[in-house]
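Please look over the model below before reading on. My notes are set out as numbered points.

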Amino acid sequence: MELLQRCDSGHIAHLHMNAPERLNALSDEMLAALQAQIDALAQDRTIRVVVISGAGKAFCAGHDLKQMQAGRQAEDGGKAYFADLFTRCARVMTGLTRLPQPVIAQVHGIATAAGCQMVASCDMAVAAEGTRFGVNGVNIGLFCSTPMVALTRNIPRKKAFEMLTTGRFLSAEEAERAGLVNKVVPADELAQATQELAETVAGKLTAAVKIGKSAFYEQMTMDLDAAYAFTGANMVDNMLWRDTNEGIAAFLEKRAPDWQDRQGD
């Protein structure tokens with residue numbers, strides 16, 4: 001049984017975490033499997049959108065606590081193991097953000113600690129009704145410092161701080177209002193709603209989405225003037241593309257565009 005299953009549907013790659021008995025915990029093995037797929041997808045010109053989901057009753061319950069406790073048995077009390085673990089986890093999370101393809105989390109059940117971090121690290125998220133989101137490590141004496149990085153880039157800081165210091169979970173509806181997820185749907189419509197969103201994005205000019213995703217995250221770290229200068233230069237480059245010219249002409253002529261190089265190479 002594959003720990004992380006990949007199934008491609010047209011131009012959409014579905015990554016399905018398949019460790020339901022462990023609530024799809026981010027074990028060493030799961031992180032390695034995710035990293036391998038992220039590395040492969042970064043080079044895959046056929047895939048336009050990535051969807052991440054989980055098997056069983058939960059999306060992801062965060063790190064594998066039993067495995068972490070075992071790491072304590074080293075002579076240094078686990079310091080080297082934990083440093084490596086959180087480095088590897090951060091590489092997966094930033095890898096999702098840096099993929100050229102938009103990444104959508106298809107979330108159900110619970111998304112806790114690093115599982116909530118994964119939702120926040122994805123570009124978009126669709127959640128089933130009844131899903132709960134938490135960065136509740138504080139309940140066991142471990143402040144969710146690394147999940148905090150992605151969370152505070154998604155939701156207002158006071159709400160994030162409340163979650164981090166109280167361990168309180170957000171309902172799916174609260175998560176939508178806070179901006180952690182894009183849409184909440186009945187559980188039996190989750191897969192369909194996520195697929196429809198993925199297909200909508202996959203139908204756009206891939207090169208434009210690719211340059212847009214990269215610019216989206218880069219401009220967020222800049223001051224206002226630098227952000228406008230950077231994104232203005234991006235739009236100049238974008239406007240010079242043959243397929244952008246075709247897209248505008250098609251819109252004005254009320255016809256479908258004939259895009260010839262979706263990747264923009």
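The points run from the whole chain down to single residues.

1. **Ground rules.** This is a predicted model, so local features need pLDDT of at least 70 and side-chain atom pairs count only at pLDDT 80 or more, while totals for chains, interfaces and linings use all residues. Residues are numbered from 1 along each chain as its sequence is written, and side-chain values use heavy atoms, with hydrogens and water left out.

2. **Overall dimensions.** The chain has 265 residues and a radius of gyration of 20 Å. A compact globule of that length would come out near 18 Å, so the chain agrees with the rule. The radius is taken over C-alpha atoms, and the globule rule is 2.2 Å times the number of residues to the power 0.38. Along the principal axes, the C-alpha atoms fill a box of roughly 65 × 45 × 35 Å.

3. **Secondary structure and contacts.** The chain holds 11 helices and 9 strands. These are DSSP runs numbered from the N terminus: helices are H or I with at least four residues, strands are E with at least two. Take the contacts (heavy atoms within 4.5 Å) with a separation of 6 or more: 67% of them join residues 24 or more positions apart.

4. **Burial and surface.** Buried residues make up 45% of the 265. Buried means under 20% relative accessible area, exposed means over 50%, and partly exposed lies in between (1.4 Å probe, protein chains only). The chain exposes about 13,700 Å², and carbon and sulfur atoms supply 57% of that area. Areas come from the Shrake-Rupley method with a 1.4 Å probe; for residues, only the protein chains shown count as cover.

5. **Two domains.** The chain divides into domain 1 (4-202) and domain 2 (204-253). The bounds come from an automatic or database domain assignment. Over C-alpha atoms, the domain centres are 28 Å apart. Where the domains meet, 13 residues of domain 1 are in contact with 6 residues of domain 2.

6. **A nonpolar surface patch.** Met239, Ile248, Phe251 and Leu252 form a nonpolar patch on the surface, with about 470 Å² of accessible area together. Patches take residues with over 30% relative accessible area and no salt bridge; like charges are joined within 9 Å, nonpolar side chains (Val, Leu, Ile, Met, Phe, Trp, Tyr) within 5 Å. Helix α11 (residues 242-252) gives the largest share, 3 residues. Phe251 lies in this helix. Phe251 counts as exposed because its relative accessible area is 67%.

7. **Positive phi in a loop.** Leu23 sits in the loop between β2 (12-17) and α1 (28-42). Its phi is near 55 degrees, a positive value in a residue other than glycine. Asn24 lies in the loop between β2 and α1 as well, and phi of Asn24 is also near 55 degrees. Are these residues buried or partly exposed? Leu23 is partly exposed, at 24% relative accessibility. Asn24 is buried, at 0%.

8. **Salt bridges.** The whole structure has 13 salt bridges, each a side-chain nitrogen of Lys or Arg within 4 Å of a carboxyl oxygen of Asp or Glu. One of them pairs Asp8 with Arg6 (2.9 Å, N to O). Asp8 is partly exposed at 37% relative accessible area, and Arg6 is partly exposed at 27%.

9. **A bridge between helices.** Arg88 and Asp28 form a salt bridge at 3.1 Å, N to O. This pair links distant parts of the chain: Arg88 is in helix α3 (residues 79-98), Asp28 is in helix α1, and 60 residues separate them. Arg88 is partly exposed, at 24%.

10. **A salt-bridge network.** Arg168 and Glu174 meet in a salt bridge at 3.4 Å, N to O. Salt bridges that share partners join Lys159, Glu162, Arg168 and Glu174 into one network. Arg168 is partly exposed at 31% relative accessibility; Glu174 is partly exposed at 22%.

11. **A buried strand residue.** Ala13 is in strand β2. Its relative accessibility is 0%, so Ala13 counts as buried. Which residues does Ala13 touch, not counting those up to four places away in sequence? They are Arg6, Cys7, Asp8, Leu41, Ile47, Val49, Val50 and Val51. Ala13 and Ala36 are 23 residues apart in sequence and 14 Å apart in space, C-alpha to C-alpha.
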